[in-house]
Amino acid sequence: MDHVLFVTGNPGPALGVLQSLIQDGDTFSAVAIGGDKLDDMLKTCTSAGASGIYRLMDEGFMGSDTWALARIYAAFVGKYSPDAETFIFARHSSAMPMLAHLIRAQQFCYVTEIVRDAEGIVATQDYGDERRICRVPRGSVISLKDDLQIPFERKSARTPDVKILGREDIELAERSVGFCGSRVLAREVC
Amino acid sequence: MGGCDGCASSGSCPSYSSGDSCSTGSCGGEKKLPPGMLENYNTNQSTADGTLVFIEVSDKKGVQAIEPVSKQLLGKASEMGGGRIFGVIFGGPERKELYKEAFSYGVDTLYHVRDPRLSTFHPEAYAESIAAVCERIIPAVVLFGSTPRGAELAPRAAASMGTGIVTDCSDLAIEGRMLSMFRVSEGKKVRYECVTFPQVATVKEGVFPSPAAQEGRGGTAFYWQYGGNGFKQTL
């Protein structure tokens with residue numbers, strides 16, 4: 001797979017970005033962590049051209065904080081897509097910069113536009129008080145600006161099954177994620 | 001009778017026969033402390049102490065200023081009283097003009113990661129530097145403003161230090177070294193704790209009041225050299 005889309009919210013704008021980025025022969029996969037409520041969003045990704053859709057679900061993932069979530073994403077990347085050109089989050093999440101650190105990649109947050117030129121990929125970031133255009137190295141992690149409105153085209157009517165991967169499928173140790181692997185714990189509701 | 005039940009059964013404690021209290025630690029009773037040691041210390045607990053605040057600087061039309069949220073975090077850190085307050089600031093020599101202002105809002109020790117290239121935000125380089133500074137000072141708490149840059153930097157810095165993060169806190173409280181981080185989730189106020197050090201939190205601007213500057217307050221500033229290559233190629 002050449003691109004990986006991590007579905008952390010409405011995947012629509014990210015699908016629009018990917019469709020403009022993908023060249024002939026490129027593929028992308030969509031990945032989400034959670035229960036079967038996410039299947040509809042993942043199937044939307046298939047209709048927009050995703051070659052594979054994965055849902056990461058395991059009892060051992062329960063209670064994961066952002067650190068543990070980032071470890072789950074990183075384990076997926078290491079096992080299934082170590083050579084992807086980009087890893088795109090549909091919106092900013094704290095797990096995204098943590099994943100970028102874990103896979104030793106550069107991170108590009110609040111991205112409003114991604115284009116391809118002769119030398120590779122160029123991203124425009126919007127920090128509110130500053131717009132910045134950067135060259136995106138291979139293997140970078142990108143998150144899109146939250147209020148982005150980019151339409152996508154439905155290309156395929158096929159709806160392949162969602163592949164469900166558990167902790168052992170992505171080779172995570174038993175107590176590395178979930179409650180046991182989390183760094184932050186909710187202690188009480190005040 | 002000195003010693004303890006363990007001494008009585010084994011006869012190993014020299015204090016037993018003399019009638020003094022047991023002080024050798026050789027017996028299996030309640031007192032196991034070596035001679036001269038009055039209290040049992042927990043050597044497994046962290047020695048982390050103090051609070052590090054990421055001091056975000058805005059550069060608007062060539063005028064640099066400390067972001068209000070950074071001042072508010074410094075005020076809260078002072079109010080909580082969790083030990084020494086450290087600040088970390090990034091940029092070239094022009095940042096020196098902000099030292100006095102940082103000290104006036106409560107910074108005791110300021111680390112200036114001095115590189116003109118870092119006047120622009122590079123999250124990878126910033127996170128690496130913060131992790132390196134934290135390795136030196138071992139703070140118990142690291143605070144970031146929940147601005148677009150702070151929200152991008154804080155999780156990466158936390159991951160660099162192998163610790164967790166609570167974002168957009170609505171309140172903070174410290175007891176000893178342990179930080180309670182409060183966050184409103186689905187209408188309920190939830191208290192979080194980080195099980196690793198340092199404990200990293202982000203707070204939005206306006207959650208805490210802006211403190212009054214203490215004019216003339218001094219502090220110590222250190223230059224910090226960034227030797228990495230975490231710069232983005234901007235076009």
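**Helix pair in chain B**

I started with α5(B) and α6(B), whose crossing is right-handed (near helix turned clockwise from the far one by less than a right angle). This is a predicted model, where local features need pLDDT of at least 70, side-chain atom pairs count only at pLDDT 80 or more, and totals for chains, interfaces and linings use all residues. Residues are numbered from 1 along each chain as its sequence is written, with chains lettered from A and ligands numbered from 1 in the order written.

I noted the contact residues (C-beta atoms, placed from the backbone, within 7 Å): α5(B) gives B:Pro123, B:Tyr126, B:Ala127, B:Glu128, B:Ile130 and B:Ala131, and α6(B) gives B:Glu152, B:Leu153, B:Arg156, B:Ala157 and B:Ser160.

The axes, lines fitted to C-alpha atoms over the stretch in contact, come within 8 Å and cross at roughly 45 degrees.

**Helix α3(B)**

Buried residues (20 or more other C-beta atoms within 10 Å of their own) in α3(B) include B:Val69, B:Leu73 and B:Ala77. Among the elements covering the buried residues of α3(B) are β1, β4 and β8 of chain B. Just after α3(B), I found B:Gly81 with a positive phi of about 65 degrees.

Key: Axes fitted to C-alpha atoms, helices over the stretch in contact; angles between N-to-C directions. Helix = DSSP H or I, 4+ residues; strand = E, 2+ residues; numbered from the N terminus. Contact = placed C-beta atoms within 7 Å. Buried ≥ 20, exposed ≤ 12 C-beta atoms within 10 Å, placed from the backbone.
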